[in-house]
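Take a walk through this protein model.

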Amino acid sequence: MVEAMKQVLYLTCLIYAVVIGENSKRLLLNDPDVATRFAQMEITIQKLTEQLSQLENNASAGSTYVRWGRSVCSGDNTELVYSGYAAGQLYLHASYTSRHGGPSNLLCMPGDPELTNISGNGTSLLYGAEYQENILKPDAHDEDVPCAVCRNKKTQNTLMIPGRKSCYSGWQKEYQGLVVSGHRAYSASSYLCMDRDPEYIPGGHVNNDGSLLFVTTTKCGSLPCPPYTDDKAINCVVCSK
């Protein structure tokens, strides 16, 4: 899009220069019609220049996403913003077994935090996340989950597509994995795309039972089968454009 705008602007300026060069001896510069046409062409060039500048600024903005389960970024034209630890609310509050409120999203906490000296009252707590099954890897159970915030320098939009392991035409794949979430009987949780080849946080194999993640599977009914299949893990892919 930016290159197309550059070509349009170049051609407009070229036509403007040719018109002036070829007709300067024959056109009366004080002719109202000629002056109006030149003024309109100058306005057009100015607008095209502004639009081109805006497109170049947008193109350089980039797009960001979280790569769950890994501490590095591997997509084309990507850079690591920071890496850290996946964290969320406790999987189940024993004293509130009939209540499943609280935040549902997970956070990617940086490995180099800037801490406060403010104490809380324990009503909202953040726990490290653990793999709760060996589906992603044979030894994943109870391992702690890393994460990486990545930026693609050449794209403007990023989305996670559940049910796919490849991107649609025109989109670039950042990484692929399986959909994970909390247990349906536990606290509220969100769906994440966990990298298909996850890493573990060094020394994080202790069973602390913080925020627990399970591989999500499909359930036929209102979700039609086919095209889906009952009780199967769900592919996911993160794509940028």
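Predicted model: local features only at pLDDT ≥ 70, side-chain atom pairs only at ≥ 80, totals over all residues.

Residues are numbered from 1 along each chain as its sequence is written, and side-chain values use heavy atoms, with hydrogens and water left out.

Start with charge. Side chains of opposite charge can pair when their charged atoms come close. A salt bridge here is a side-chain nitrogen of Lys or Arg within 4 Å of a carboxyl oxygen of Asp or Glu. By that rule there are six salt bridges. One of them joins Arg-70 to Asp-195, with 3.7 Å between the closest N and O atoms. Arg-70 sits in the loop between β1 (63-68) and β2, while Asp-195 belongs to strand β8 (residues 192-195), so the pair ties together parts that are 125 residues apart in sequence. Strands are DSSP runs of E with at least two residues, numbered from the N terminus. Both Arg-70 and Asp-195 are buried. Buried means under 20% relative accessible area, exposed means over 50%, and partly exposed is in between (1.4 Å probe, protein chains only).

Next comes Arg-151, which forms a salt bridge with Glu-79; the closest N and O atoms are 2.8 Å apart. Arg-151 lies in strand β5 (residues 146-152) and Glu-79 in strand β2, so this bridge ties together parts that are 72 residues apart in sequence. How accessible are the two partners, Arg-151 and Glu-79? Arg-151 has a relative accessible area of 19% and is buried. Glu-79 has 32% and is partly exposed.

A further bridge pairs Lys-219 with Asp-230, at 4.0 Å between the closest N and O atoms. Both Lys-219 and Asp-230 lie in the loop between β9 and β10 (235-240), 11 residues apart. Lys-219 is exposed, with a relative accessible area of 62%. Asp-230 is partly exposed at 32%. Some bridges share partners: Arg-67, Arg-70, Asp-195 and Glu-199 are joined in this way into one network.

Now look at Thr-78. This residue lies in strand β2 (residues 78-88). Why does Thr-78 count as buried? Its relative accessibility is 17%, and the cut-off for buried is under 20%. Leaving out residues up to four places away in sequence, Thr-78 touches Tyr-65, Cys-73, Arg-151, Asn-152 and Glu-174. Contact means heavy atoms within 4.5 Å.

Turn to the rings. Rings of Phe, Tyr and Trp (its six-membered ring) pair if their centres lie within 6.5 Å; planes under 30 degrees apart count as stacked, over 60 as edge-to-face and the rest as tilted. The structure holds two aromatic pairs. One of them is formed by Tyr-131 and Tyr-200, edge-to-face, with 5.7 Å centre to centre and 65° between the planes. Tyr-131 is in strand β4 (residues 127-131) and Tyr-200 in the loop between β8 and β9, 69 residues apart. Tyr-131 is buried, with a relative accessible area of 2%.

On a 1 Å grid over the protein atoms alone, a cavity is a set of points where a 1.4 Å probe fits but cannot get out, and a pocket is an open set with protein on both sides within 12 Å along at least five of seven lines; lining residues have an atom within 4 Å of a point. Grid points are joined across faces, edges and corners, and a volume is the space filled by probe spheres set on the points. There are two cavities of 30 Å³ or more.

The largest cavity holds about 100 Å³. Of its 16 lining residues, Gln-89, Ser-187, Ala-188, Ser-189 and Ser-211 are the closest to its centre. Its lining has seven nonpolar, nine polar and no charged residues. Ala, Val, Leu, Ile, Met, Phe, Trp, Tyr, Cys and Pro count as nonpolar, Asp, Glu, Lys and Arg as charged, and the others, Gly among them, as polar.

The second largest cavity has about 50 Å³. Strand β9 (residues 211-215) gives the most to its lining, with three residues.

End at the largest pocket, with about 590 Å³ of space. Of the 22 residues that line it, Ser-181, Val-215, Thr-216, Thr-217 and Thr-218 are the closest to its centre. The elements giving two or more residues to this lining are β7 (172-181) and β9. By class, the pocket lining has nine nonpolar, eight polar and five charged residues.

Technical notes:
Helix = DSSP H or I, 4+ residues; strand = E, 2+ residues; numbered from the N terminus.
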